[in-house]
Amino acid sequence: MSSPQTFVGIDVAKVHLDIALRPAGTRWTVANDDAGIADLVTQLQGVCPTLIVLEATGGLQRTVVAALTAAALPVVVINPRQARDFAKATGQLAKTDALDARALAHFAEAIRPEPRPVPDAQTEELRALLARRRQLVAMRTAEQNRLGSAPRRLQADIEAHIAWLNTRLAALDDALDTTLRASPVWRAREDLLRSVPGIGPVCARTLVLELPELGTLSRQHLAALVGLAPFHRDSGTLRGARTIWGGRAQVRTALYMSTLVAVRYNPVLKAFYQRLRAAGKLAKVALIACMRKLLTILNAMVKHQTPWQPQEEFIAA
């Protein structure tokens, strides 16, 4: 006789962790600190769970996920939107930590998402640096927008803040470059990506750190993962426009900026964009199609470890 399967949902808060087991219905709470996490790992090892599901909570889940992974327990981190939509679909409209843990356990049992490799500490640190860079860029843009309409008395203060932000951005770029170039694997991946006209350092680093699946998936799955796959909007006799939705916004943003350059200076993307525009496609629609084509090219390049070759057609796996 096979042993019964056990599914675990863990709701992560700053102070405590709520744990729920399914189908047993057991529930308990531990502190979100080293002692509480160690106790949690011991208890879960005793029940031999089939799958453990948590939702991403802005980094609060990293410590417990690392501990569960180190203990060789099957853990998956899912998008909070997925968890909330699933709870609503089951009729659960109320929201508490205990109910969220039960919903996550139910999600694990019903959906059974596949566990993925957890990034190592260095990758997590570099991703944090990249996220901080995006924050500083957003601050600088906001200050630059304020500068034009600010009273003269405040302009010097805003200009000083912009100068400070530029200094911090330069320091972050230097830290990212030093760390990435120190790894032969990351250095080779970045050099390969940057061989494509239009792919700059920011986009290459974003792809290396935020899209490790590049080169391992089909072009269809990769487009859906990044949020560039055109989804149907059909129901009955209605035939709606195809739209992109979801995916990894930070990767899509970096790819968008690179595509803006590529449709001007990359001969393959430029010809493709002009052909779509000549066929009557809207500018934004043609640009999204170019993003998808660029992603397909990058995927094939990484898979076959082939640098940019404009004279050849890249065929996606």
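Select R133, which touches L169, L172, D173, L176 and V202, when residues up to four places away in sequence are not counted; to touch, or to be in contact, is to have heavy atoms within 4.5 Å. The model is a predicted one, in which local features need pLDDT of at least 70 and side-chain atom pairs count only at pLDDT 80 or more, while totals for chains, interfaces and linings use all residues. Residues are numbered from 1 along each chain as its sequence is written, and side-chain values use heavy atoms, with hydrogens and water left out.

R133 counts as buried because its relative accessibility is 17%. Buried means under 20% relative accessible area, exposed over 50%, and partly exposed in between (1.4 Å probe, protein chains only). R133 has its place in helix α5. Helices (H or I, at least four residues) and strands (E, at least two) are DSSP runs, numbered from the N terminus.

Now select the whole of α5: its 29 residues reach 43 Å from the first C-alpha to the last, close to the 42 Å expected at 1.5 Å a residue. The expected span is 1.5 Å times one less than the number of residues. Which residues of α5 are buried? They are T123, L126, R127, L130, R133, L136 and E143. Their cover includes α6 (152-182), α7 (184-194) and α8 (201-210).

## Stop two: α4 and the residue after it

Select α4, whose 15 residues reach 20 Å from the first C-alpha to the last, close to the 21 Å expected at 1.5 Å a residue. The buried residues of α4 include A98, D100, L104 and F107. Colour what the buried residues of α4 pack against: β1 (7-12), β2, β3, β4 (51-55), β5 (75-78) and α3 (80-89).

Just after α4, R112 takes a positive phi of about 55 degrees. R112 is found in the loop between α4 (97-111) and α5 (121-149), and R112 counts as partly exposed because its relative accessibility is 43%.

## Stop three: other backbone features

Most residues other than glycine have a negative phi, and most peptide bonds are trans. Select Q305, which is not a glycine but has a positive phi of about 55 degrees. Q305 lies in the segment after α12 (283-304), and Q305 counts as exposed because its relative accessibility is 52%.

Next, select R22 and P23: the peptide bond from R22 to P23 is cis, with omega near 15 degrees. P23 is found in the loop between β2 (16-22) and β3 (27-31).

## Stop four: the nonpolar cores

A nonpolar core is a set of buried Ala, Val, Leu, Ile, Met, Phe, Trp, Tyr and Cys residues joined through side-chain atoms within 4.5 Å. The largest such core has 43 residues, and those with the most contacts inside it are L193 and L298. Its largest share, 12 residues, comes from α12.

Which residues does L298 contact, leaving aside its neighbours within four places in sequence? L298 is in contact with L193, V196, I199, L207, L214 and L255. Apart from this core lies another, of 19 residues, among them I10, L40, I52 and V75.

## Last stop: M257

Finally, select M257, which is found in helix α10 (residues 249-265). M257 counts as partly exposed because its relative accessibility is 48%.
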